[in-house]
Amino acid sequence: MHAALVAETLGDALIGHVSRDATAIEARETPAPTPKARTPNRKRGRPRKGAERTKEPGRLERQANGMDLDEMPDALPKVCDHGAKKTARGGGMEAWRGDKLHIDTADCGVPLRTVLTLATAWPCADHRCQSAPGQGLKEERDREARARRAIGHVDPETVRFRIRSGVERTNARLKDECGGRHVRVRGHSRVACHLMVGILALAADPLIRLAVP
C-alpha cells in the first residue's frame with residue numbers, strides 16, 4: 001500500500017534530495033544467540049604449491065558480486081539483536097535491544113523506502129568501494145574533496161548533509177505519533193507490519209498538505 005501510494009503521487013515527480021538515516025526500534029523479545037564461526041576442516045600449515053584455499057564469501061561480498069538491489073533486503077538477517085550508537089548530542093553511547101529501521105525521506109517530507117534490519121546490520125554494500133577499480137575511484141574522490149576544502153569550496157555532499165533534518169523529523173514523528181516507540185509484537189514480519197502502518201500515515205500526511213491549495 002505504501003509503495004502504491006508513493007508511485008501514484010510521486011511517480012513522475014523530480015525529487016531534489018533524499019535523506020537517509022536509521023533509527024533504533026526497541027523490541028520485547030530475547031536476542032538470538034550469536035552463531036559460532038565454523039572453521040572448515042583443513043590441514044594446518046601452508047597449502048601446497050599451486051593450491052588455493054577457498055573462502056566462503058560474506059553478505060557484503062555477495063552483494064558486490066552482482067546481487068540485484070531488490071534481493072538485498074531479503075538476504076539480510078531478520079533476528080533480534082543488541083545495538084549501540086553515539087547519541088545525537090555527543091553525550092556517549094546509546095544501547096538498545098531490538099531492530100533498526102532505515103528510512104529514505106524525500107525533501108517534501110514523504111518517506112519513500114524503508115528497510116527493517118537487526119540492530120547491527122547495514123542494508124547494502126557500497127559497490128563502488130568493493131573492487132580494486134572502485135577503491136582507486138574512492139581514493140581519487142577523497143583527494144578531490146580535500147583539494148576543494150583547501151580552497152574553501154563547499155562540496156554538494158556537505159550541503160545536503162546540512163539539510164538532512166527531514167529524515168530526523170520522520171524518525172521523531174514515527175516514534176512520538178505513530179507507535180514506533182511502543183512495539184508490542186514479536187517477530188520480524190510483525191514488527192515490520194507495525195512500523196509500516198506508521199510509515200503509511202507519515203507518507204499520507206505531507207501528500208494531503210501538498211494537495212490542499
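Which strand does T117 lie in? T117 is in strand 4, residues 111-118; strands here are DSSP runs of E with at least two residues, helices are runs of H or I with at least four, and both are numbered from the N terminus.

Before going on, the basis. This is a predicted model, where local features need pLDDT of at least 70, side-chain atom pairs count only at pLDDT 80 or more, and totals for chains, interfaces and linings use all residues. Residues are numbered from 1 along each chain as its sequence is written, and side-chain values use heavy atoms, with hydrogens and water left out.

On confidence: pLDDT is the predictor's confidence in each residue, from 0 to 100. Its mean over the protein is 78, and 70% of the residues reach 70 or more. Over residues 125-132 it stays under 50. For that stretch the model has 13 contacts beyond four places in sequence, a contact being heavy atoms within 4.5 Å.

Now the overall layout. The protein has six helices and four strands, in the order α-β-α-β-β-β-α-α-α-α from the N terminus. Of its 213 residues, 29% count as buried; buried is under 20% relative accessible area, exposed is over 50%, and partly exposed is in between, with a 1.4 Å probe and protein chains only. Among contacts with a separation of 6 or more, 65% are between residues 24 or more positions apart.

Back to T117. T117 is buried, with a relative accessible area of 0%. Its side chain makes a polar contact with the side chain of H102, at 3.0 Å. By polar contact I mean a pair of N or O atoms within 3.5 Å; within protein, one must be able to donate a hydrogen and the other to accept it, and residues adjacent in sequence count only if both atoms are side-chain atoms. Beyond four places in sequence, T117 is in contact with L76, D99, K100 and H102.

Why is strand 4 described as largely enclosed by the rest of the structure? Because six of its eight residues are buried. Strand 4 runs antiparallel to strand 3, and seven bridges join them; strands pair if DSSP finds at least two bridges between them. I103 stands opposite T114 in strand 4. The two strands form a hairpin with four residues between them, and G109 in the turn has a positive phi of about 95°.

G98 is found in strand 3 and is buried, at 0% relative accessible area. Its contacts, leaving aside neighbours within four places in sequence, are I25, A27, C80, D81, L118 and A119. G98 and P31 are 67 residues apart in sequence, with their C-alpha atoms 7.4 Å apart.

P33 lies in the loop between strand 1 (18-26) and helix 2 (59-64). P33 is exposed, with a relative accessible area of 74%.

Last, the cores. A nonpolar core is a set of buried Ala, Val, Leu, Ile, Met, Phe, Trp, Tyr and Cys residues joined through side-chain atoms within 4.5 Å. The largest has 13 residues, and those with the most contacts inside it are I25, L101, I103, L116, L174, V191 and L195. Strand 3 (93-106), helix 5 (165-176) and helix 6 (188-211) each supply at least two residues of this core. Helix 6 gives the most, with five. Apart from this core lies another, of five residues, including L10, V110, A203 and L207.
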